[in-house]
Amino acid sequence: MVAVSTVTPLEQDVLLNMNKIEIGHGSGGKLTRDLIENIFLKYLKSDELKPLEDAASINLDHNHKAAVTTDSYVIRPLFFPGGNIGKLSVCGTVNDLVVSGAVPKYLTVGFIIEEGFLMKDLEEIVRSISETAESAGVKIVTGDTKVVEKNKGDGIYINTTGIGEIVKPMDLKNVSAGDKVIITGTIGDHGTAVAIAREEFNIDAAVESDCAALNGMLEPLFDIAGVKWMRDPTRGGVATVLVELSEATGLGVLISEEDMPVREDVRFIQDMLGYDPLYLANEGKAIIITSAESSDRVLEMLKGHPLGKDAALIGNITADFKGLRLKTIIGGERVLDMLEEDTLPRIC
Amino acid sequence: MNRSKDIIRHIKSLVPKDKQVRIMNVCGSHEHTIAFSGMRSLMPENLEIIPGPGCPVCVCPESDIINAIELSKRDDVILVTYGDMLRVPSVKGSIRADGKNYKMISSPFEAIEIAKDNPDKRIVFFSIGFETTTAPTAAIIEMGVPENLSILSSHRLTPTIMEILVKDTELGIDGFIAPGHVSAIVGANAWNVFSEKYRIPTVVAGFEAENLLLGIAEILKQLKEGKPATGNVYAGVVKAEGNVQAQKIMDKFFEVADVNWRGIGNIPGSGLELRVEYSKKDTKKVFGLAEVKESKIPGCICGNIILGKAYPNACKLFKKVCTPRTPKGPCMVSMEGSCNIWFKAG
């Protein structure tokens, strides 16, 4: 093999000089993390923020902790098979609370609306917010509305903040070698549904987003002592969450391609588009890390819930290596890293 | 799963103990499957699977890209081409970043629609790729294209480049996995030259990991028995004679030419240009385009990667400054480029 290649330090500096916000800074992947580390954490330093979990844990008094989370929704298109930006803005925030071991209680909702936005679309979105919140058992307790001039927004953006009561503190420190990795259902449905809804690809398929509030399914798991940690794999998908888990714990994660639940049509479409379902967004799934002893019980409880019927044990935590590895269908192994490129911007 | 395991066991039993075996794939989709299935991690140490020239946008000469960018800047032109081509870097930038009037298409038929919708513009279809994309381009010419559409042909021939590689003793290729899609057009018989003249087993394979493993096993079996032949483990799709109709129309409109390959240079008889009878459809002639001298991308070794002389991770730019988001060389752009595949498959 012949390989001749040189790059001077100056060339490297010029090539790396990225001093503007790019769309990928919102991907939830490597660029987002760079932004958080280089800008946000440089100035924002509270102890509550530091763990960078989906929700912060704050002390109310000696006996009570609350989980607080906030999320902004900029999805395009606003209406997609299986949901709309309103439903998503409730589910996403409820899920961030419940995977933090909290019972979601209250939500705030803020709207940034573009001049000219159709009132009937706004009403449809707000009706979804109301219905989703009601079925998830959370109350919308305050809100805000701002309108920006035409062409200065993209229809509507929504922010929701959620507050819940922590009943099962989740801590990555509890994760250890031998633990099992469980996914609550098929992966990549949301990313695929939104990609198709954008009509950039000429694909006609009936894939719906999995957008759903997970508190009804996940709260009963709080009683199982072996349940150690949960996360909803939204932007960046299952792979990104598990790479982060590996980095935070110093442990390795080995997942199995064969055991990964992927809908047949999703797999087909993603093969065609060149995306990997492991990196695609989900809006109604959770990854659960549980002790080996509790894994059967967790799976059984999940499968007893309509949202968990496709739940599967997909991998193990190991001390044999660091990082995330995939055991492929043919038995090969490859390393999965964080995505640098944003597969689908504005997915949530 | 078990069947793959069986084939892998079979492969291990067929590999000679005492020598290195080097099998080359010449199709980006094959390399994709190989990398994403972790196939190399399952092969015996002395069996190398080398990615070869399987990426059409990677080998497209810089001159054609620069000409395309310049054409797109003309007010009377709309340049249309495949998505990956828009992002391939050149010394003058990429079509997407530095071009002006351009549209992405996924099929040549869309070029016709765009030409019909824009009768006051001159549509330039930057048509690139191996036999798989040449055939549909020939098909639209056969059907009749609008007056205002011309073709910037940057088509390349797979068998010719493979013959260059097989003669390279430094590479020492022991077997070829022949490309499934290209074979569907040219036919499995197109590869007979390799076993007959060079005694190199050449096996047509499909795109599932298991089918590729079968192909590799077949090559190893032929090597072991000393009976090189053209094999076909993708016979459901690929016929011995190929798609004769497609071959006929390709031959009707295109003629073999000496052309440049990016990072490699001029290779006699390795490309296709429109025949002189169809000069009116030939963008190069219609616009009087001149060949632009290729500039070197500092540090980039795409040329060697395409020729199977280096793996992507041998490049100092790889994963450091050259990423799918910021591609420096053509092999990092396309889903069929070895660097892009290796970047994503880890």
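Visitor: Which domains does the assignment give for chain A?

Guide: Domain bounds come from an automatic or database domain assignment. For chain A it gives domain 1 (53-166) and domain 2 (172-336). This is a predicted model: local features need pLDDT of at least 70, side-chain atom pairs count only at pLDDT 80 or more, and totals for chains, interfaces and linings use all residues. Residues are numbered from 1 along each chain as its sequence is written, chains are lettered from A in the order in which they are written, and side-chain values use heavy atoms, with hydrogens and water left out.

Visitor: How many residues of domain 1 of chain A are in contact with domain 2 of chain A?

Guide: Contact means heavy atoms within 4.5 Å. Here 22 residues of domain 1 of chain A are in contact with 25 residues of domain 2 of chain A. The two domain centres, taken over C-alpha atoms, are 23 Å apart.

Visitor: What area is buried between domain 1 and domain 2 of chain A?

Guide: Buried area is the accessible area (1.4 Å probe) that two parts lose on being put together, summed over both. Between these domains of chain A that area is about 1900 Å², and carbon and sulfur atoms give 59% of it. On the domain 1 side, R76(A), N95(A) and V99(A) lose the most area to domain 2, together 26% of what that side buries.

Visitor: Is the peptide bond from R76(A) to P77(A) cis or trans?

Guide: Cis, with omega near 0 degrees. P77(A) lies in the loop between β2 (65-73) and β3 (79-80) of chain A. Helices (H or I, at least four residues) and strands (E, at least two) are DSSP runs, numbered from the N terminus.

Visitor: Which residues touch the most other members of the largest nonpolar core?

Guide: A nonpolar core is a set of buried Ala, Val, Leu, Ile, Met, Phe, Trp, Tyr and Cys residues joined through side-chain atoms within 4.5 Å. Buried means under 20% relative accessible area, exposed over 50%, partly exposed in between (1.4 Å probe, protein chains only). The largest core has 98 residues, and F125(B), F126(B) and F176(B) touch the most other members. A second, separate core of 85 residues includes L88(A), L242(A), A312(A) and L326(A).

Visitor: How many aromatic pairs does the structure hold?

Guide: Rings of Phe, Tyr and Trp (its six-membered ring) pair if their centres lie within 6.5 Å; planes under 30 degrees apart count as stacked, over 60 as edge-to-face and the rest as tilted. The structure holds eight such pairs over all chains. Take Y82(B) and F125(B): their ring centres are 6.0 Å apart and their planes are at 80 degrees, so the pair is edge-to-face. Y82(B) is in strand β3 (residues 77-82) of chain B and F125(B) in strand β5 (residues 122-129) of chain B, so the pair ties together parts 43 residues apart in sequence. Y82(B) is buried at 14% relative accessibility. F125(B) is buried at 0%.

Visitor: Which residues do ring pairs link into a cluster?

Guide: F176(B), W191(B), F194(B) and Y198(B).

Visitor: Where does the charged end of K319(B) sit?

Guide: A charge sits over a ring if NZ of Lys or CZ of Arg is within 6 Å of the ring centre and within 35 degrees of the ring normal. The charged end of K319(B) sits over the ring of F343(B), 5.9 Å from its centre. K319(B) is partly exposed at 39% relative accessibility. Its phi is near 70 degrees, a positive value in a residue other than glycine. In chain A, R325(A) lies over the face of F321(A), 4.1 Å from the ring centre.
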